[in-house]
Amino acid sequence: MVLDRAPVSEPVAQFKFSSRIFVTELSPYEWSANLIALGLAESVVIGQIKVPEEEENCQKPEFERLRDIHHDSRVQCLSWGPRTSQLVAPRCLQFATSGTDHKLRIFSTDSSQVNVKMLKGHTDYINGIAFEPEVGELVTSCSDDHTARLWDTNSGTSLHTFHLSSPGMMVCWHPSETGKLLVAQKSGVISLFNSSNYAPILSLDSCCSPLLDADWSRSNSSLVAAAVLSDIVYFDLSRPSLPLDRRTVHRDGTRLVRFSRSSDSLVATVGKPGATLKVSQQKSGLVVVSNEKRIIGGGCSWHLRLPYLAVGNDREVELYKLSL
């Protein structure tokens, strides 16, 4: 695997904004794969990323701003819902956010109207959100209040509370494993629950802490990664007794990990010093992108089908391209 550009990579495109970006999230769904949501201090910006691979008249990546949606507090995290569609009628948006006020918000829109449901129950910061990926009638969240909650998106009611032994840092719902819900805790424990009867299925232990993030590979449902201390810790769910592998990637702490959505061979991380962005090969650990510029808390997200990585860096979105 090689880069389109130099090994210490610069982005292929940069899109500038007037406000700092706190969350960057590309849609993981086929009917809206080019949509991107940016969480700002008082709004969510919905845009479209146009790339030459999918647009005949596009010579280089472009950003089209589609909509600005008011948000009552700074956006902490965001998850797209499967009802979102921009390719087939009716065009609509569905996404959930958390803010600094500890509340979960469910947004749904049509061509003219924005509907917001406020879901109250968490008593501390919400660190992770995930929609049930087929219908979008359920959403789950996890929080510093040592709980994960399952919600009905139509009524806004809380269906179940999972009581955790430490802060919940990430929740994941896999498109091919919809009966299972993954919850990662700061203590280093990652648990799988049955999403119908809420029974525990299995637990993984990183054997150290703090765990600050985790991800479940979209292209390989047996593969889970966690950001623990300075490392990426990999787990194989078919052999859950011990970690599959452990590699140091950021010597002063790894705080974000994301599998490529189109392949389990690439993993993006952000960590210290300097909030460095790295992209590594999952099996070999070879670093194929390393950018020493400071990434100021804006998150990163992979395109569903193409090897593009969007990174929120202060008041810019940087778009990186890799090739197999």
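Two strands pair if DSSP finds at least two bridges between them. Strands here are DSSP runs of E with at least two residues, numbered from the N terminus. With that in hand, take V257 in this model: its bridge partner in β24 is T269.

Before going on, the ground rules. This is a predicted model, in which local features need pLDDT of at least 70 and side-chain atom pairs count only at pLDDT 80 or more, while totals for chains, interfaces and linings use all residues. Residues are numbered from 1 along each chain as its sequence is written, and side-chain values use heavy atoms, with hydrogens and water left out.

Back to the sheet. β23 and β24, the latter covering residues 266-271, run antiparallel and are joined by five bridges. They belong to an open sheet of four strands, ordered β23-β24-β25-β26, with antiparallel pairing. β23 (254-259) and β26 (287-291) stand at the edges with a single partner strand each, so one side of each has no neighbour in the sheet. From one strand to the next, the twist averages 15°; the axes behind that angle are lines fitted to C-alpha atoms, and angles run from 0 to 180 degrees between N-to-C directions.

F15 has V317 as its bridge partner in β29. In a regular strand the side chains alternate between the two faces of the sheet.

Now the nonpolar cores. A nonpolar core is a set of buried Ala, Val, Leu, Ile, Met, Phe, Trp, Tyr and Cys residues joined through side-chain atoms within 4.5 Å. Buried means under 20% relative accessible area, exposed over 50%, and partly exposed in between, using a 1.4 Å probe and protein chains only. The largest core has 24 residues, and I46, W80, F95, L104 and V139 touch the most other members. Elements giving it two or more residues include β4 (35-39), β5 (43-50) and β8 (93-99). The largest share, four residues, comes from β7. Apart from this core lies another, of 17 residues, among them I190, A226, V228 and L237.

What is I46 in contact with, leaving aside its neighbours within four places in sequence? The list includes I36, R65, L66, W80, L93 and F95, where contact means heavy atoms within 4.5 Å.

Another residue to look at is S143, in strand β12 (residues 138-143). S143 is buried, at 0% relative accessible area. A polar atom of the S143 side chain lies 2.9 Å from the backbone oxygen of Y125. Beyond residues up to four places away in sequence, S143 touches H122, D124, Y125, I126, N127, P167 and G168.

Last, the backbone exceptions. Most residues other than glycine have a negative phi, and most peptide bonds are trans. L229, in the loop between β20 and β21, has a positive phi near 50°. D314, in the loop between β28 and β29, has a positive phi near 60°. Buried or partly exposed: which is L229? L229 counts as partly exposed, at 39% relative accessibility, and D314 also counts as partly exposed, at 30%. The peptide bond from S209 to P210 is cis, with omega near 5°, and P210 sits in the loop between β18 and β19.

Methods:
A polar contact is a pair of N or O atoms within 3.5 Å; within protein, one must be able to donate a hydrogen and the other to accept it, and residues adjacent in sequence count only if both atoms are side-chain atoms.
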